[in-house]
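Visitor: I have a structure to go through with you. Can we start with the pocket and then move on to the strands?

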Amino acid sequence: MPKASSKSRCWLVKTEPDVYSIDDLRRDRRTGWDGVRNYQARNFMRDEMKKGDRVLVYHSNADPPGVAGIATISREGHPDPTAFDPEDSHYDPKSDPDDPRWIQVELKHVKTFKELVPLAELRAKKALEGMPLLQKGQRLSVQPVEPRHFDLIVKLAEG
C-alpha cells in the first residue's frame with residue numbers, strides 16, 4: 001500500500017457496520033457518503049476533501065469498534081440528495097436544492113483489512129497521540145487524519 005502523499009489530505013469517516021460497512025463499500029465499489037448532519041463534518045466534505053484524498057473507514061458502534069479499511073475520495077463535495085427526499089430518514093425540509101445545506105462526497109473502495117484495527121490498539125499506540133479519533137468526547141463522523149497517523153494505522157493493519 002503506497003504511503004499517503006504529503007500533498008493529499010487524509011481523513012477518517014465513521015459508519016455503523018450494521019447500516020453500511022466496509023464490506024458494503026467493497027461490494028458497491030463506490031458510494032455517496034450521505035446522511036452527514038453535522039456542520040463541521042459537512043464543511044470538511046464541502047471545503048477540504050479533494051479527489052484522491054485517502055480515507056480510513058471506521059466501524060463505530062461495533063464490538064469492537066475500529067478501522068476496517070481504506071477508501072479514496074472519487075468525487076468531491078456535492079449536494080446530498082437524501083436531504084431532498086421526504087421518504088429518506090436524512091430528509092431536511094429546510095434544505096433547498098438551489099442552496100443545499102447538506103453535502104456528500106463519493107468514496108471509492110481501496111482495501112478491506114484482513115482484520116479490523118481495534119480502537120483499543122489505536123489508543124495503546126503512543127505514536128497516534130493527538131489523533132482526533134482518540135480524543136475524549138470526539139464524536140465527529142468525518143475528521144482529518146495526519147498522514148503519519150494514516151500510514152501507521154495502515155502498517156498496523158498489514159501486521
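Predicted model: local features only at pLDDT ≥ 70, side-chain atom pairs only at ≥ 80, totals over all residues.

Visitor: Fine. How much space lies in the largest pocket?

Guide: The space in the largest pocket comes to about 780 Å³.

Visitor: Which residues lie nearest its centre?

Guide: Lys14, Thr15, Glu16, Ser60 and Ser141 lie nearest the centre of the largest pocket, out of 27 residues that line it.

Visitor: And which helices or strands each supply at least two residues of the lining?

Guide: β1 (10-15), β2 (30-32) and α3 (119-124) each supply at least two.

Visitor: How do the lining residues divide into nonpolar, polar and charged?

Guide: The lining of the largest pocket has 12 polar, 8 nonpolar and 7 charged residues.

Visitor: On to the sheet. What's the strand order?

Guide: The order is β2-β5-β4-β3-β1-β6, an open sheet of 6 strands with mixed pairing. β2 and β6 (142-145) are at the edges with a single partner strand each, so one side of each has no neighbour in the sheet. On average, neighbouring strands of this sheet are turned by 35 degrees against each other, ignoring direction.

Visitor: In what sense do β3 and β4 pair?

Guide: Antiparallel, over 6 bridges, with β3 covering residues 54-59. Histidine 59 stands opposite glycine 66 in β4.

Visitor: Which strands does α4 lie across?

Guide: Helix α4 (residues 147-158) lies across β1, β3, β4, β5 and β6, and runs at about 40 degrees to β5.

Visitor: Different spot. Where is threonine 82 found?

Guide: Threonine 82 sits in the loop between β4 (66-79) and β5 (103-118).

Visitor: Buried or exposed, threonine 82?

Guide: Threonine 82 counts as buried, because its relative accessibility is 8% and the cut-off for buried is under 20%.

Visitor: What is threonine 82 in contact with?

Guide: Leaving aside neighbours within four places in sequence, threonine 82 is in contact with Asp34, Gly35, Arg37, Asp88, His90 and Tyr91.

Technical notes. Residues numbered from 1 in each chain as written. Heavy atoms only, no water. 1 Å grid on protein atoms, 1.4 Å probe; cavity = no way out; pocket = protein on both sides within 12 Å on 5 of 7 lines; lining within 4 Å. Points joined across faces, edges and corners; volume = space filled by probe spheres on them. Helix = DSSP H or I, 4+ residues; strand = E, 2+ residues; numbered from the N terminus. Nonpolar A, V, L, I, M, F, W, Y, C, P; charged D, E, K, R; others polar. Buried < 20%, exposed > 50% of the residue type's maximum accessible area, 1.4 Å probe, protein only. Contact = heavy atoms within 4.5 Å. Pairing = 2+ DSSP bridges. Axes fitted to C-alpha atoms, helices over the stretch in contact; angles between N-to-C directions.
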